[in-house]
Amino acid sequence: MSDWVAIIAADELADGQMRAVDGPDRKLLVARVGDEYYVTQEHCPHLGGNLAKGTLEGTEVVCPLHHSRFDVTDGRCVRWTDWKGAVLEVAEAVRHSRPIITYDVKVEDGEVWVGAARPVAETSGPTDQ
Ligand code: FES
């Protein structure tokens with residue numbers, strides 16, 4: 001995706017809100033933190049949870065299914081599930097932690113625009129939480 005596409009009116013989101021929107025070629029998550037807007041992939045890279053149905057805590061979106069946390073500013077995985085001990089080790093072995101895709105964003109003419117996907121962030125690796 002190289003062109004900018006308007007995805008939502010900027011005033012449709014208040015500070016601390018997020019929403020799933022239709023992007024040019026996939027569902028996207030748009031989140032507002034203060035006066036900044038962030039756009040990421042909408043599905044969780046763990047097992048496909050709908051991130052828009054999770055919670056936004058500061059700049060971190062928490063998946064509603066197993067509570068992985070991702071930073072919407074750079075896509076970094078902050079916590080890979082809330083599983084612990086051997087269960088987490090098995091989960092990591094089966095499907096290691098990974099970031100979410102983030103996109104270039106701009107606000108213009110009252111609209112939030114999405115641009116190209118950004119380089120993928122480094123993950124935090126296995127969680128210690
Ligand atoms: S599907 Fe999101 S944490 Fe499992």
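Two residues count as in contact if their C-beta atoms, placed from the backbone, lie within 7 Å. Take the contacts in the protein between residues at least 6 apart in sequence: 44% of them join residues at least 24 apart. The model is predicted.

**Overall build**

The protein holds 1 helix and 10 strands. From the N terminus, the elements run β-β-β-β-β-β-β-β-α-β-β. The radius of gyration is 15 Å. A compact globule of 129 residues would have a value near 14 Å, so the protein agrees with that expectation. Along the principal axes, the C-alpha atoms fill a box of roughly 50 × 30 × 20 Å. Of the 129 residues, 31% are buried.

**The sheet**

Six strands form an open sheet. Their order is β1-β10-β9-β4-β3-β2, and the pairing is antiparallel. Strands β1 and β2 stand at the edges. Each has a single partner strand, so one side of each is left without a neighbour in the sheet. Neighbouring strands are turned by 35° against each other on average, direction ignored.

| Strand | Residues |
|---|---|
| β1 | 5–9 |
| β2 | 18–22 |
| β4 | 36–41 |
| β9 | 102–108 |

**The β4–β9 pair**

How many bridges join β4 and β9? The two strands pair in the antiparallel sense over 2 bridges. Which residue of β9 is the bridge partner of Val39? That partner is Tyr103.

Notes. Residues are numbered from 1 along each chain as its sequence is written. This is a predicted model: local features need pLDDT of at least 70, side-chain atom pairs count only at pLDDT 80 or more; totals for chains, interfaces and linings use all residues. Two strands pair if DSSP finds at least two bridges between them. Helices (H or I, at least four residues) and strands (E, at least two) are DSSP runs, numbered from the N terminus. Axes are lines fitted to C-alpha atoms, for helices over the stretch in contact, and angles run from 0 to 180 degrees between N-to-C directions. The radius of gyration is taken over C-alpha atoms; the globule rule is 2.2 Å times the number of residues to the power 0.38. A residue is buried if 20 or more other C-beta atoms lie within 10 Å of its own, exposed if 12 or fewer, and partly exposed in between; C-beta atoms are placed from the backbone.
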